[in-house]
Amino acid sequence: MPLGLENSGLVFAPETTTTTSSGAAAVTDFAPFPEDRHAGQTSHRLERKSAGLPLDQIMTHGDVEAEGRPPYFHAMIAGGIGGSTGDLLMHSLDTVKTRQQGDPHIPPKYTSLGQSYYTIFRQEGIRRGLYGGWIPALSGSFPGTVLFFGTYEWSKRFLIDHGLQQHLAYLSAGFLGDLASSIVYVPSEVLKTRLQLQGRFNNPHFHSGYNYRGTIDAVRTIARTEGTSALFYGYKATLYRDLPFSALQFMFWEQFTTWARKYKQSRDIGVPLEMLTGASAGGLAGVITCPLDVVKTRLQTQVNPPSESRLPKDPNPQVRHISTSSPSTHRPKPGAVALEASSVFTGLKVIYRTEGIAGWFRGVGPRGVWTFIQSGCMLFLYQRLLHQLEVLMPYEPKEM
């Protein structure tokens, strides 16, 4: 047996065994790296359904461009840890964004990024200030990303195995993954955003319109005074922005990873490229979906018309229209034209008519930075944890 094959974890037929021509070539000419469990190194792409061979043997015929197929459990655990870690690392920036968007003062108290960070840190500290709302953030982020990666991996494999072109499969799987996880992360985002905007209980430094004692009190108060449906406030607008973002992010990531593997001629592309591919995918998706982010924030922060304010049926003052999603850094300037609509497409038309293309891409710089860093952290940790889980809990596919 050639050097390097005995520890690879791949199953090969003996050289004396009669095989197909492609199988013989794989035995005599192919020498995979030890870490290559999911694909080979040749440039020929295998028809998955034709050979009827064990999965281990099929993978020796694949190429470096073939998508990896880790066990679902590994993908879900690695995705959950990677996603929640990335979200927590960026939580303070998200808090500053939320304060800027929900600031009712004119002129606003929170203006530039640096000034806002310093003001919140000096007046309120880290735990109740910059990291206010971290408990619901973590509570929604981990199960949300577990659901996302589980759905993404299953959908991707199902669609590819049924003949859908790879890029469309990645795009569709990202879309479906975010849709599945939205049932968890949208309610948690509502709680997180309100607690971020509020700061500490009876906050003397910032009057947000909310005043919850903590996460549990926030859940009880919202359910009692607004109904449980309030936990899904902004659900439709959030999906309009987050579904395209996740779909593009993972399509770009899979493509960038494929290019990196071709460049390195290995499944293991190394730490720098793992970080760069994930960050670039998130940053590019964030820039492209910026118009949807802008209109979503405008819809959720616009002031109700005066006629509505006269209606005596709002018993709870703790209701404000604020953004309920993390990668949003758009803040409408004072005096911006009110959309006076609930439709995303109508909002896009109004912004274009009144502000032009520049209005669609307001805040594109901060949004690109946020998504670049968060996506890079999440997908880098995801890949590193997959490697570790493969070592700690090796998976040997059963022969078919």
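At what angle do helix α11 and helix α16 pack, and how far apart are their axes? The legends below begin with this pair and refer to a predicted model.

**Figure 1. Overview of the protein chain in the predicted model.** The protein chain holds 16 helices and zero strands. Of its 400 residues, 50% count as buried. Among contacts between residues at least 6 apart in sequence, 78% join residues at least 24 apart.

**Figure 2. Packing of helix α11 against helix α16.** Helix α11 (residues 271–288) and helix α16 (residues 364–392) pack at an angle of about 140 degrees, and their axes are 6 Å apart. The two helices are therefore oblique to each other. Their crossing is right-handed. On the α11 side, the contact is made by Val-271, Glu-274, Met-275, Gly-278, Ala-279, Ser-280, Gly-282, Gly-283, Gly-286 and Val-287. On the α16 side, the contributing residues include Val-364, Arg-367, Gly-368, Thr-371, Phe-372, Ser-375 and Gly-376. Leu-379, Phe-380, Gln-383, Arg-384 and His-387 of α16 also take part. By class, the contact of α11 with α16 comprises eight nonpolar, eleven polar and three charged residues.

**Figure 3. Packing of helix α10 against helix α11.** Helix α10 (residues 235–264) packs with α11 at an angle of about 145 degrees, with the axes 8 Å apart. The crossing of α10 and α11 is right-handed. From α10, the contact draws on Phe-245, Leu-248, Gln-249, Phe-252, Trp-253, Phe-256, Thr-257, Ala-260, Tyr-263 and Lys-264. From α11, it draws on Leu-273, Thr-277, Gly-278, Ser-280, Ala-281, Gly-282, Leu-284, Ala-285, Gly-286 and Ile-288. The residues of the contact of α10 with α11 divide into twelve nonpolar, seven polar and one charged. Gly-278 of α11 is named in this contact and also in the contact of α11 with α16.

**Figure 4. Crossing of helices α7 and α10.** The axes of α7 and α10 come within 13 Å and cross at roughly 60 degrees. This angle makes α7 oblique to α10. The crossing of α7 and α10 is right-handed. Phe-148, Phe-149, Tyr-152 and Lys-156 in α7 meet Ser-246, Phe-250 and Glu-254 in α10. By class, the contact of α7 with α10 has four nonpolar, one polar and two charged residues.

**Figure 5. Aromatic residues around Phe-148 and Tyr-152.** One aromatic cluster is formed by Phe-148, Phe-149, Tyr-152, Phe-250, Trp-253 and Tyr-382. The count of aromatic pairs comes to 14. In one of these pairs, the rings of Phe-148 and Tyr-152 have their centres 6.0 Å apart and their planes at 5 degrees, so the pair is stacked. Phe-148 and Tyr-152 are four residues apart in helix α7 (residues 134–161) and are thus separated by about one helical turn. Both Phe-148 and Tyr-152 are buried.

**Figure 6. The aromatic pair of Tyr-352 and Trp-360.** The ring centres of Tyr-352 and Trp-360 lie 5.3 Å apart and the ring planes are at 40 degrees, so the pair is tilted. Tyr-352 is partly exposed, with a relative accessible area of 45%. Trp-360, at 23% relative accessibility, also counts as partly exposed.

Figure 7. When neighbours within four places in sequence are left aside, Ser-116 is in contact with Val-96, Gln-100, Tyr-110 and Thr-111. The C-alpha atoms of Ser-116 and Leu-93 are separated by 9.7 Å, and these residues are 23 apart along the chain.

Figure 8. Ile-81 is partly exposed, with a relative accessible area of 35%. Which residues are in contact with Ile-81, leaving aside its neighbours within four places in sequence? The contacts of Ile-81 are Phe-142 and Leu-385. Ile-81 and Val-146 are 65 residues apart along the chain, with their C-alpha atoms separated by 8.3 Å.

Terms used:
Residues are numbered from 1 along each chain as its sequence is written. This is a predicted model: local features need pLDDT of at least 70, side-chain atom pairs count only at pLDDT 80 or more; totals for chains, interfaces and linings use all residues. Side-chain values use heavy atoms; hydrogens and water are left out. Axes are lines fitted to C-alpha atoms, for helices over the stretch in contact, and angles run from 0 to 180 degrees between N-to-C directions. Angles under 35 degrees count as roughly parallel, over 145 as roughly antiparallel, 65 to 115 as roughly perpendicular and the rest as oblique. A crossing is left-handed if the near helix is turned anticlockwise from the far one by less than a right angle, and right-handed if clockwise. Contact means heavy atoms within 4.5 Å. Ala, Val, Leu, Ile, Met, Phe, Trp, Tyr, Cys and Pro count as nonpolar, Asp, Glu, Lys and Arg as charged, and the others, Gly among them, as polar. Rings of Phe, Tyr and Trp (its six-membered ring) pair if their centres lie within 6.5 Å; planes under 30 degrees apart count as stacked, over 60 as edge-to-face and the rest as tilted. Buried means under 20% relative accessible area, exposed over 50%, partly exposed in between (1.4 Å probe, protein chains only).
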